[in-house]
Amino acid sequence: MARHAALETFGRSGNPVFGNKFNQSQGFVGSERMTLDGTVNKTGILLGLCFFGAIISWNIPNPFLMVGGALVGFCLAIYTSFVPRNAGITAPIYAFVKGLFLGGISLVLEMQFPGIAIQAIGLTFGTLASLLFFYKSGLIKPTENFRLMIFSATFGIMILYLVSFVMSFFGSGIGFIHSNGIFGIGFSLFVVCIAALNLVLDFDFIEQGAENSLPKYMEWYGAFSLMVTLIWLYLEILRLLAKLRSR
Amino acid sequence: MNSIIFGLLAAISLFIFFNLGKVKASNKQTNRDDRINWGTPPWRKKNPSSKRDSSSGRIIEGEAEEINKD
């Protein structure tokens, strides 16, 4: 019973993969609890699977692998957001199929702009490490207002991308977000900043989850949320670098 | 050269992540009154200070005095 009470304490946060019923007063009364160690190790497993998928897609270029990876990854992300209990199964599959997508898209851009993939990888992990340091040391302090700001900006970007995607079917679109002009680069920079700040929310969620002794499967969920943000950040950095180099 | 620099950056960053990630955040981070309450969604922000004000606002401090109707 206590297990079920704890399982249902998660809801939605600034990061779309987080839930809204995280109750600090309810700890998990069980043998296995969420820890920082476990979450970091599981993030390592997901990163490994993502790299494995990317290597396959990089060496065997196939549009079906790329598009299939993107679609399956999207569906799995939505499912895992609402059913965190199964994150132990869905998160590794998500990481692998997203790796297939990332490998393909990185190869396409690498052929146009040699060296862009390793630059994007370096900058993504560099951002991850520096923000983790700033968070752990207390230099960045996420508050309710911070969460509201990041949530609003993330939601706004999501709506903008959705509108642009729908408009593209009718032969038009929101031009400036894809252009390599000053507005396009400025927009990409803004999106990179928002994606990076979402990492701070992920760190805080994981930290509080471990403090409140949530169930063990939340380690997978925390690792999954970090992966979602990291993949988004990587794609946005890739887009920004492509815009900069196509000028 | 470009690949080496960014490859090294990625490797060092991952090393930092796997080591620093397992360390508990500083007291400066964890012992705060304004930490995020993950129990509520961001658009339903609780304001504890206004709650406190509304309940404690009715209490008047000081000594009670008898009112003479005359």
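Read along its sequence, chain A follows the pattern α-α-α-α-α-α-α-α, with eight helices and zero strands, where helices (H or I, at least four residues) and strands (E, at least two) are DSSP runs numbered from the N terminus. The model is predicted, so that local features need pLDDT of at least 70 and side-chain atom pairs count only at pLDDT 80 or more, while totals for chains, interfaces and linings use all residues. Residues are numbered from 1 along each chain as its sequence is written, and chains are lettered from A in the order in which they are written.

Of the 247 residues in chain A, 47% are buried, a residue being buried if 20 or more other C-beta atoms, placed from the backbone, lie within 10 Å of its own. Leaving aside residues up to four places away in sequence, Tyr234(A) touches Leu102(A), Ala120(A) and Thr124(A).

Between the chains, 39 residues of chain A are in contact with 30 residues of chain B, contact meaning that C-beta atoms, placed from the backbone, lie within 7 Å. On the side of chain A that touches chain B, α5(A) supplies the largest share, 13 residues.

Technical notes:
Contact = placed C-beta atoms within 7 Å. Buried ≥ 20, exposed ≤ 12 C-beta atoms within 10 Å, placed from the backbone.
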